[in-house]
Amino acid sequence: MNTAEINKILSEKLGKTQKETREILEVTVGVLANTLVEEKSFTIPGLGTFGVKLRAARNAFNPALKAIVKLPPVKATFFHSSVGLKARVQEQGQINE
Amino acid sequence: MNKITFSELIEQVSGATNLSKQACHVVLRNLAETIEEGLVRDGQVRLKGLGTFRLRQVAQRQGINPRTGQPIIIPGHNKIVFHPSIDIKNQLNENLARIVPPLPKATEKPIKEMSGTRSLRDFWRTNKIIQYSSGAAALALVILIGSLWLGGGDKIEHDTASTAVVAPVDIPEPAEITATPEPQPEQQLVAPAIQVDVITSIEPPPVNIVAEDPIIIHAIKSGDNLWALAKEYYGDPYLWPLIYEHNKDIIANPDMLLPGTNVHIPTLVGSVKELERFDIDWLARANALVYQVYSQSNTPGAQDFLKVALKLDPGIAEKLGINKIPSDILVTQARE
């Protein structure tokens with residue numbers, strides 16, 4: 001499912017035109033993204049928790065080179081799905097890779 | 001880790017969308033529902049600006065109950081993974097940016113990235129989402145200036161180096177004519193002759209000097225390695241044997257750089273993407289040298305460097321007098 005499909009379904013649920021919904025969706029997603037960029041975590045009920053954590057610098061082994069390389073620290077996002085969503089996805093979820 | 005509550009999030013959304021809090025609540029709830037529907041239907045949801053949600057199948061595995069220590073079977077299940085959009089990723093790591101390499105080619109890249117993230121900010125601004133805190137913009141500016149300063153500092157070094165070469169040639173002319181007419185008539189005769197040469201060719205030499213003999217010096221800090229240096233200065237870590245070959249008198253062990261030593265970073269004749277014949281021969285020599293050093297110290301993987309060297313220059317073994325080519329390399333060569 002992509003953004004356009006989300007927009008279509010969302011507009012039906014909200015009872016608004018797709019154009020109106022697209023603006024709301026873009027702005028809402030922008031707020032969510034901005035909150036993540038500010039490294040604040042938040043929870044959306046029914047979906048899960050989003051956040052950012054720092055992965056420390058470490059040494060890793062490069063098998064092609066057979067040498068130890070230094071990896072720099074990285075800020076990575078994490079997502080923990082809510083328990084309910086996880087359970088519902090178990091029953092019905094299909095995986096298309 | 002800062003955490004904001006759902007009501008705070010709702011406030012922000014309502015401020016940005018000019019909708020009531022109640023309406024924003026409905027929007028977010030429906031958005032969550034829609035994402036769930038998408039996951040159930042397709043197993044994948046792409047939301048532009050935020051990222052991708054995906055279902056990943058986790059196989060059944062053996063685990064241990066941490067409380068009792070009993071082995072238990074963790075059943076296979078679907079896990080929801082979230083990958084943030086590249087813009088979020090880049091902005092998060094903007095402040096963790098690496099040291100900007102002094103080569104002009106490499107300095108172009110970070111500036112491009114900056115302009116990319118700035119356009120994203122503009123996009124958000126035009127949508128009235130965020131009044132982006134001027135602090136973040138100022139920080140980006142500081143990084144930009146810092147990177148320019150770093151790059152510029154090295155350029156100044158180059159410039160002073162090239163002017164230093166040119167200056168002694170320029171200055172003697174008036175100095176010798178005005179100040180030293182009597183004691184050194186022979187030198188006076190010689191000096192103008194040189195100057196004529198120099199004046200005719202005064203414009204190309206500084207360029208050549210900069211290109212052929214750049215004075216990029218890297219002071220080794222604790223934690224530096226040749227791999228990282230090659231990546232920093234050339235953009236290709238696999239060129240590290242070049243730095244080692246150039247500094248073989250200073251560096252005893254390529255795997256252990258001593259902090260405090262000054263390493264000269266040589267410049268390529270061609271570019272990293274299009275190596276000239278000279279560079280290729282040089283790289284072959286450097287790789288062969290690494291092979292010799294590594295095979296003396298019995299470092300595993302030494303043969304890989306000989307393979308690379310032979311690939312770049314099949315005659316390198318005779319040139320350097322390496323007679324013992326391990327048999328497996330000969331076999332692979334024969335196959336090719």
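This is a predicted model: local features need pLDDT of at least 70, side-chain atom pairs count only at pLDDT 80 or more; totals for chains, interfaces and linings use all residues.
Tutor: Local features here need pLDDT of at least 70, side-chain atom pairs count only at pLDDT 80 or more, and totals for chains, interfaces and linings use all residues. Residues are numbered from 1 along each chain as written, chains are lettered from A in the order written, and side-chain values use heavy atoms, without hydrogens and water.

Student: What makes A:Glu5 and B:Arg41 a salt bridge?

Tutor: The rule wants a side-chain nitrogen of Lys or Arg within 4 Å of a carboxyl oxygen of Asp or Glu. The N to O distance for A:Glu5 and B:Arg41 is 2.5 Å, so the pair qualifies. Chain A and chain B share 5 salt bridges.

Student: Why are β1(A) and β1(B) called paired?

Tutor: Strands (DSSP runs of E, at least two residues) pair if DSSP finds at least two bridges between them. β1 (residues 40–44) of chain A and β1(B) have 2 bridges, so they pass, and they run parallel. In one of the bridges, A:Ser41 partners B:Lys3.

Student: What sheet does that give?

Tutor: An open one with mixed pairing, in the order β5(A)-β2(A)-β1(A)-β1(B). β5 (74–81) of chain A and β1 (2–3) of chain B are the edge strands, each pairing on one side only.

Student: How much area do chain A and chain B bury between them?

Tutor: About 5900 Å², with 66% on carbon and sulfur atoms. Buried area is what two parts lose in accessible area (1.4 Å probe) on being put together, summed over both. The contact (heavy atoms within 4.5 Å) takes 62 residues from chain A and 62 residues from chain B.

Terms used
Helices (H or I, at least four residues) and strands (E, at least two) are DSSP runs, numbered from the N terminus.
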